[in-house]
Amino acid sequence: MASFEEIGPRSPVTESIRVDKVSPQARLFKNLRAITVLVLALVGLIPVFAMGVTALKSRADVVAVPPRIVFEPTLEGFVFLLTERSQLSGAALTTAQENAEDLGLFERIALANGQRINGPSDFVMRLRNSLIIAGGSTIASVTLGLFAAYAFSRFNIPGKDDLLFFILSTRMLPAVVVAVPLFLMYRQLGLHDTHLGMILLYTVFNLSLTVWLLKGFIDEIPREYEEAALVDGYTRLQAFFKIVLPQATTGIAATTVFSFIFAWNEYAFALMMTSNTARTAPPAIATMLGRGGIEWSAIAAGTLAFLIPVVIITFALRRHLLRGVTFGAIRQ
Amino acid sequence: MDLTIQNGEFVVLLGPSGCGKTTTLRMISGLESVTQGDIYLDGRKVTWLHPSDRDIAFVFQFFALYPHMTVRQNIAFPLQAEGQPKDMIESRVREVVEMLRLRHLLDARPGKLSGGDKQRVALARALVRRPAAFLMDEPLGALDADFRETMRAEVKRLHISQEATTVYVTHDQIEAMAMSDRIVVMSDAEVQQVGTPAEVYHDPANLFVARFIGSPGMNLVSGQYADGAIHLPGSNRYNVGNGWHTALPRDLGGSSEVIVGFRPEAAHINEDGAIAGEVYAIELLGAYTMLHVNLDNEENEIVHIRSDRQTRYPIGTAVRFDLDPEMVRLFNPQTEMAIRREVTP
Amino acid sequence: MSNVALQKVSKRFPGVTALKEVSFSIKDGEFFVLLGPTGAGKTTTLRVIAGLERHDEGRVLFDGEPVDNFTPAERDVAFVFQQYSLYPTMTVYDNLAFPLRSPLRRLPATEIQRRVTEAAQKLHISHLLERKTAHLSGGEMQRVSIGRAIVREPRIYLMDEPLSNLDAKLRESLRVELQHLQKTQHSTTLFVTHDQIEALTMADRIAVLDEGRIVQIGTPDDIYDRPSSVFVARLVGTPRINLFAAGRENGKVTIQDSDLHLPAASNSLPASFTLGVRPEDIVPDSEGTFSGRVGLTEPLGVETILHIQSGQQTFLSLVQGMTHLGMDDEVRFNIAVERLHYFDGNGKRIQ
């Protein structure tokens, strides 16, 4: 077989030009890559740092050009964000200044601007609304999604694929397209500017996400577990709670985080479907107008405050998010 | 681990899951890094070379065929990756396809093929380059039992016709025995014995090899050595042959604990047999019968005796049997090593 | 324990008919094996009996009563799966107790404990009761799976290839134990497998399934010595049976592509047919009638497989122990003519 002889082993290679995990030089490269990625990540976080810093700047520092890196931190932004103030002048101002030692921290800062604190601002309420609405809709969409995902995963529903696609397609709708009809509907139903209305809205929009995510997680749980339980005398519902649920906790945690983040950050509908009672934080933060125009430090402080609940939830569930779904499969 | 594989040899790395056989194979191929030591191919050091520079071909258990390419493209791929001229690739592919009888599948996609056909394509892809060595990781593991038999003979025939050095990993000791020139028996990351199939079968170096090779493995019964005989469970006595009388006390030191090993075919059912027991289970295997006999009442010492197909005993029957003295092996329970018999001059 | 019968059960999935009029019955206390290649419909049959799949035609009877409309729980069967059967978040004890804790059964805790400890003893896993299942070896896991079935004391055990995911050695020892357990407990068992060794060694009777259809039912001896078709003959026996295209001429049987002549067993043999010879019936003998050349040897220790070339045909021969014969050696051999198998053009056995 002439062809075989002609193409024998190539001339022996003793040095690889390709770098890979096998050689010790490759490890150095791996470290370099890791450091580069870390640096890039830090660079990506600069806007977050900038925001944190801005929250602590005084009005003057915020608009200074060039931007001040070294400055004197102040809680002015938080004061503006969290309190209702009224301007003092003349005699009232002097009286207040004389009694300065009796005042709390916030009141003293307000006084420095010639103001007196009347009470908490709307922002606290807005934050509370966000929590109620995002929390409520997350619980609703994850629960409904869980049952729907289980059904889609385990049962032969006629038209299953079409239904799933339909559910997914709701996600493709830009808010703007449905805003007007929804607005009219809500007005008609008396759901405009209500907590219930917003929760319903967010639940429906989140369902596509939760159903798809949870179905994926439930698909990975082998059917044999439930079938064994069925054969052993449990009803499907009991098998669902005793067997599927404990193994789906990672998936449920991940889905909860994602739907919460979506509902929490939602801006368009929050702006259009609420005016006062049910208004959530995002529209509130964007429109903080003060005596001198847009209060940047307040906006930054508000954004910071707004971030906290999400960070807490994600941090609390981080192990669930990182851990893959593992099962006690037969080890060979 | 120290191992030298000769040119054209078919060496099997054999052991249970987790023993290190696949890791060894992957180190030879370059898919796994070496913590200490070196690997040489034809005298040149390849320890840190990229897999594609080592001139080896790898056959995986789950075929690893490119699903988006046809069979023809799969087989041609390694040569294309090397940049060989087109007519060269075509003639090579044709030869390999004839060798493995794949002509009727050339334009099919791997997704449509049976397991056996997929493995043949994987073999063809490995053969097409004529590498210095073939590395195979349990290639028959994913196939149905009857396919495994035919493919086993086919791989062996290919090896003989190509005179190709092959390193083959498996946990199936039948495959190892049938195909290899030498077997490397491994357990827990250590080499237990290296030898020809006859050597590991008839002269296992330790208890692990004795148990692992053969289906079922060697019967290993614990006993006490005293006065030229071994006392076995169930008040059985086995008189040891001449070659053991000096070797035993020397090897065992002060202890009298010894393990008697014999293969199922070394025992013969006999009404006046030296050893007695009770039938625990019986397996009818078509060409022969395997009797599982309980030596004592605790169901701890069960020995397997191979008998002809006429043998049928209900569970619980009392039986007696003899051992062929040439085929008996003794082991030291402390060291787990085989005791070497004195060879009578 | 019950006897179970299937009467003309058919099951269709979109695009494929999984079961075609499957009928067989299992006697009380019998170890019945369903043998067939992958995709033959064995698992589907098991699931239909358990109630996890609804069949389209036919009836399933337990002790003569139809159970077609019963839920899996109501049928009181125990199912041992091939894998993924142990709940990973529970200990071995809880896994074994789980079936007994179902609201359907309402067993007192003392009874549950008794059954669990008994089952654990029988399967030699008493020392593992407090361990989490993730820390078990493959063999231990399957023992717990089987234990979960035993604690139920059901009407029938349904086992779906429980040993096929285990290492060869583990499979051997578990096979012997399972058989001993079944014979001493007299439990009605339907065991499904594609491994003919498992079928031959454990079964009281075997049903061979081919693409959803039962092709033969019989004892292991029946299946091995009198296979009803080429398919069954090929399925059982290691190494595989030798099959040759053959013809009858002048009272002699000739084998295609070979010079071998065998005396024809009877004159009712058709002019052309398929001849089957088991490897152990081809015996090398220095005075043998036939001759050939050794093409390949496969030494297995206890026996050796010889590939003997005669003409253009390869004859697989099984000899005891090791042999001095090597590649390219000339060899003479005999064929046990009284043990030949004859199959007609459709692959069916000729008597």
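Two residues are in contact if their C-beta atoms, placed from the backbone, lie within 7 Å. The model is predicted: local features need pLDDT of at least 70 and side-chain atom pairs count only at pLDDT 80 or more, while totals for chains, interfaces and linings use all residues. Residues are numbered from 1 along each chain as its sequence is written, and chains are lettered from A and ligands numbered from 1 in the order in which they are written.

**Figure 1. Chain C, overall view.** The C-alpha trace of chain C spans about 75 × 45 × 35 Å along its principal axes. Chain C has 9 helices and 20 strands; helices (H or I, at least four residues) and strands (E, at least two) are DSSP runs, numbered from the N terminus. Among its contacts between residues at least 6 apart in sequence, 65% join residues at least 24 apart. Of the 351 residues in chain C, 47% are buried. A residue is buried if 20 or more other C-beta atoms lie within 10 Å of its own, exposed if 12 or fewer, and partly exposed in between. The mean pLDDT of chain C is 89, and 100% of its residues reach 70 or more; pLDDT is the predictor's confidence in each residue, from 0 to 100. For the complex, the predictor gives an ipTM of 0.84 and a pTM of 0.77.

**Figure 2. The contact between chains C and B.** Here 34 residues of chain C are in contact with 36 residues of chain B. On the chain C side, the elements that give two or more residues are α6 (168-185), α7 (196-202), α8 (220-225), β16 (290-299) and β17 (303-310). The largest share, 7 residues, comes from α6(C). By class, this side of chain C has 16 nonpolar, 9 polar and 9 charged residues. Ala, Val, Leu, Ile, Met, Phe, Trp, Tyr, Cys and Pro count as nonpolar, Asp, Glu, Lys and Arg as charged, and the others, Gly among them, as polar.

**Figure 3. The contact between chains A and C.** In this view 19 residues of chain A are in contact with 28 residues of chain C. With 7 residues, α12(A) gives the most. This side of chain A divides into 11 nonpolar, 4 polar and 4 charged residues.

**Figure 4. The largest nonpolar core.** A nonpolar core is a set of buried Ala, Val, Leu, Ile, Met, Phe, Trp, Tyr and Cys residues joined through C-beta atoms within 7 Å. The largest one has 206 residues, and those with the most contacts inside it are A124(B), L135(B), V260(B), L158(C) and L190(C). Helix α11 (residues 195-219) of chain A provides the largest share of this core, 7 residues. Apart from this core lies another, of 22 residues, among them V62(A), A281(A), I285(A) and A300(A). Leaving aside neighbours within four places in sequence, L135(B) is in contact with L25(B), I28(B), S29(B), I56(B), A57(B), F58(B) and V167(B).

**Figure 5. The two domains of chain A.** Domain 1 (59-120) and domain 2 (123-322) divide chain A; the bounds come from an automatic or database domain assignment. Their centres, taken over C-alpha atoms, are separated by 38 Å. Between them, 9 residues of domain 1 of chain A are in contact with 11 residues of domain 2 of chain A. On the domain 1 side, α4 (59-62) and α5 (76-82) of chain A each supply at least two residues, and α5(A) gives the most, with 6 residues. The classes on this side are 6 nonpolar, 1 polar and 2 charged residues.

**Figure 6. The loop around L140(B).** L140(B) is placed in the loop between β5 (133-137) and α5 (145-162) of chain B. L140(B) counts as buried because it has 25 C-beta neighbours inside 10 Å. Not counting residues up to four places away in sequence, L140(B) touches R148(B), M151(B), R152(B) and E175(B).

**Figure 7. Backbone exceptions in loops.** Most residues other than glycine have a negative phi, and most peptide bonds are trans. A cis peptide bond joins S215(B) and P216(B), with omega about -5°; P216(B) is in the loop between α8 (207-212) and β9 (219-226) of chain B. T238(C) and P239(C) are also joined by a cis peptide bond, with omega about -10°. D193(A), not a glycine, has a positive phi of about 60° and counts as partly exposed, with 16 C-beta neighbours inside 10 Å.
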